[in-house]
Amino acid sequence: MANNTKGRRDFMGMALGGFTALGGIGALYAMKRTWDPLPSVKAAGFTTLNMDDYKEGELVVEKWRGKPIFVLKQSADTIKKLKAEKPDDLKRLIKIGDGHYTVCVGLCTHLGCIPGFRPEKQDFLCACHGGLYDITAEVTKAPPPRGLDIPPYKIDGTKLVLGETGPEYEKMLADGITMPV
Ligand code: FES
């Protein structure tokens with residue numbers, strides 16, 4: 001009799017344990033569903049820029065995945081000057097149609113402050129510790145260890161899709177022009 005009672009208790013314990021485990025799995029599944037981004041949130045990981053909208057020499061700050069993105073269309077004069085003085089920096093520019101663009105994450109590669117564009121000096125100054133970047137956002141004065149990072153991008157006609165990886169961006173990575181963001 002005692003054995004039977006014990007046996008029943010063991011069975012009840014196992015059954016309850018099973019229900020608890022199942023409940024736990026259900027709860028975990030529900031939590032995972034909550035943590036997984038919705039399809040629309042995933043789609044929001046891309047930012048499409050219409051490059052015809054930008055004017056030469058005017059900095060526009062866009063947003064991609066919560067980060068500020070500097071977009072600066074370069075003038076023909078700037079391109080001429082770069083070709084003569086800093087031909088390597090031209091590799092940092094994105095060419096779409098006839099336009100050349102600086103497109104980069106607007107966060108200092110030192111400690112993440114937002115550098116300010118100085119049109120009169122044609123550079124970006126990070127006021128936090130005096131870091132300087134030229135017009136292509138290449139670093140010209142420490143402490144920043146490198147130029148501003150270029151976000152992954154894909155050229156689609158006259159549009160630029162941030163968050164996608166096209167061959168031009170892959171080449172920049174391979175050439176060490178930018179770091180993966
Ligand atoms: S955070 Fe920009 S120079 Fe330090």
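Here is a short chat about the predicted model shown above.

Me: Hi! How many helices and strands does the protein have?
Reply: Hello! This predicted model has four helices and eleven strands.

Me: And what share of the residues counts as buried?
Reply: That would be 25% of the 181 residues.

Me: Let's look at a sheet. In what order do the strands of the open sheet with β1, β10 and β11 run?
Reply: The order is β1-β11-β10, and the pairing is antiparallel. The edges are β1 (47–50) and β10 (153–156), each of which pairs on one side only. From one strand to the next, the twist averages 20 degrees.

Me: What holds paired strands together in general?
Reply: Strands of a sheet pair through backbone hydrogen bonds, in either a parallel or an antiparallel way.

Me: Over how many bridges do β1 and β11 pair?
Reply: Four bridges, with β11 covering residues 159–162.

Me: Switching topic: where is V71?
Reply: V71 is in strand β3, which covers residues 67–73.

Me: Why does V71 count as buried?
Reply: Because V71 has 21 C-beta neighbours inside 10 Å, and the cut-off for buried is 20 or more.

Me: Which residues is V71 in contact with, leaving aside neighbours within four places in sequence?
Reply: Those are L49, Y54, V60, E62, Y101 and V103.

Technical notes
Residues numbered from 1 in each chain as written. Predicted model: local features only at pLDDT ≥ 70, side-chain atom pairs only at ≥ 80, totals over all residues. Helix = DSSP H or I, 4+ residues; strand = E, 2+ residues; numbered from the N terminus. Buried ≥ 20, exposed ≤ 12 C-beta atoms within 10 Å, placed from the backbone. Pairing = 2+ DSSP bridges. Axes fitted to C-alpha atoms, helices over the stretch in contact; angles between N-to-C directions. Contact = placed C-beta atoms within 7 Å.
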